[in-house]
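Subject: Handover of a structure

Dear colleague,

Please find the structure below, handed over for your own work. My findings come after it.

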Amino acid sequence: MTSETSDQPKARPGAPLIEIRSIDWVPDNERHGKLWHQTPLWFLGNFQYFSIPIGFIGPSMGLSLGWTVVASVLGIAVGTVFMAFHASQGPTMGLPQMIQSRAQFGYRGVVIPLIATLFTYVAFNVVDTVLLSDGLSSAFGWSPAIIAIVAALGAAALAIFGHDWVHKAFRVLLYVSLPLMLILTIGVITGNAGGAASATEYGFNWGAFMAQFAAAAAYNITYAPYVSDYSRYLPSKTRSRSVIAAVFFGASSSAIWLIILGAWLAIRLGATDGLAGLQLAGNTVFVNLGDATALLSALALAATMGMNAYGGMLTVLTTIDSFRPIKPTRNARIITVLILTAVWYLIASTITSGAVATVFSALTLMLYLLVPWTATNLVDYFVVRKGHYAITDLFTPKGIYGVWAWRGLVAFAIGLLAEIPFMVLPQVGSWSYIGPIADALGGVDIAWLVGLVVTSVVYFLLSRSLDLSEERTAMDRSEQQLGHGAPAPTAGH
């Protein structure tokens with residue numbers, strides 16, 4: 001562990017133009033975040049175009065509007081619980097989420113869940129690029145290629161400027177877009193947004209219900225690996241309950257709102273593209289409302305791409321640092337963001353499937369991969385170690401958490417393997433998969449629930465042999481170092 005280098009200026013309270021920190025610890029004197037900022041951040045995180053096509057999934061499989069609403073509300077509630085509990089770790093730890101995960105998986109072992117997490121970031125931005133290109137092209141006739149380039153560059157710029165600018169951009173977009181979406185929704189409720197009874201017969205079936213439920217749950221569970229990245233600047237004494245409530249309200253309310261709106265657009269308007277459907281409904285209420293609402297929803301999605309790029313950058317730097325010590329400088333952040341931008345843009349340019357199919361496939365894969373990690377992390381934080389960690393030891397392979405933490409790795413592997421017989425993988429290219437038990441259940445997907453339970457139980461049982469007395473000594477040493485003016489822990493040990 002070393003002090004900060006000359007090319008990384010010493011941080012000061014408040015917000016520099018471009019964020020200084022990346023995967024290092026945020027000391028108390030730099031904690032300038034405000035609790036209330038969490039609600040608009042995560043409200044707008046879901047108050048954008050991506051949420052709408054999730055409401056298309058159930059209806060595309062024959063699920064009625066009422067049952068789609070029930071499945072979506074339950075799924076969002078379940079997924080947001082996990083997300084919100086992860087958010088509470090930020091103020092306590094002052095660390096990016098995946099650095100904290102070294103306690104469960106080891107200094108290098110954390111690379112295993114990091115791979116799953118990086119897949120999530122890239123997959124989200126690939127899907128977001130497809131949605132923006134298709135949606136804005138359908139709504140306004142703009143060139144999909146130009147849309148993809150502009151969105152990628154804008155998202156990269158926001159990620160480079162960093163944490164505080166993401167918060168600011170989200171608040172501005174929320175203040176502008178909320179009134180317009182509210183008017184459009186009132187138009188839907190009062191019958192002024194058009195729409196008619198569908199000739200398609202909708203009803204209930206378990207396969208469609210569980211697909212909608214899983215997609216809704218996945219939507220907010222996939223925020224889990226980086227939700228605390230945006231709460232780590234809050235004062236360390238911020239109450240966990242308050243953080244959980246702020247994040248849960250923000251992330252769940254907007255998602256439920258727009259997913260239900262998406263289901264209505266699919267069933268009552270027959271929309272196959274969420275942005276075009278939004279435009280049509282809004283312009284039916286009054287002229288240009290749909291145009292403005294669709295454009296702002298697209299801008300919010302582009303801002304969310306910046307959030308994903310920021311989290312992806314932290315993940316890549318954590319992965320590299322686990323094997324080769326690096327200095328977490330601004331240059332390292334910028335170069336990593338630009339490389340990630342090129343990767344997701346190139347992958348998105350090869351996607352030929354429809355937007356709804358792409359969304360469903362990506363969410364399903366992300367859910368399967370992330371559930372074993374989130375179960376391991378939350379059981380460790382809230383049940384095993386109860387939020388107490390030796391911060392300095394997370395920044396060295398010689399620390400108390402070791403290089404490879406076998407308990408977390410075994411629990412993760414067993415949880416992932418337990419999911420396989422229950423999986424219902426949607427079409428990915430020309431390939432799909434239905435596990436034998438899922439097939440026997442008529443195609444009902446409960447794989448992620450099985451993975452959640454199995455991983456939690458296995459990790460808890462394995463952790464009963466942990467000797468926490470030695471760790472308490474390391475925590476005392478860590479707190480003493482940090483409390484006596486020692487340099488903040490950084491990468492580049």
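The model is predicted, so local features need pLDDT of at least 70 and side-chain atom pairs count only at pLDDT 80 or more, whereas totals for chains, interfaces and linings use all residues. Residues are numbered from 1 along each chain as its sequence is written, and side-chain values use heavy atoms, with hydrogens and water left out.

Helix α14

Helices here are DSSP runs (H or I, at least four residues), numbered from the N terminus.

The buried residues of α14 (under 20% relative accessible area, with a 1.4 Å probe and protein chains only) are A332, R333, T336, V337, L340, T341, W344 and A348. Because these buried residues fall within an arc of 165° when seen down the axis of α14 (taken from the directions from the helix axis to the C-beta atoms), they line one face of the helix. The face turned away from that side carries N331, I335, I339 and L346, which are exposed (over 50%).

Among the elements covering the buried residues of α14 are α7 (111-140), α8 (144-161) and α13 (289-321).

Helix pairs

α7 and α14 pack at an angle of about 55°, with their axes 9 Å apart; axes are lines fitted to C-alpha atoms over the stretch in contact, and angles run from 0 to 180 degrees between N-to-C directions. On the α7 side the contact (heavy atoms within 4.5 Å) is made by L118, V122, N125, V126, T129 and V130, and on the α14 side by L340, V343, W344, I347 and A348.

Helix α3 (residues 65-87) packs against helix α11 (residues 240-268) at about 155°, again with axes 9 Å apart. That angle makes α3 roughly antiparallel to α11 (over 145 degrees).

Two single residues

A145 lies in helix α8 and is partly exposed, at 44% relative accessible area. Its C-alpha atom is separated by 24 Å from that of L173, 28 residues apart along the chain.

T238 sits in the loop between α10 (206-221) and α11. T238 counts as buried, at 17% relative accessibility. Apart from neighbours within four places in sequence, T238 is in contact with L35, P91 and V243.

Yours sincerely

Terms used
Helices (H or I, at least four residues) and strands (E, at least two) are DSSP runs, numbered from the N terminus. Angles under 35 degrees count as roughly parallel, over 145 as roughly antiparallel, 65 to 115 as roughly perpendicular and the rest as oblique.
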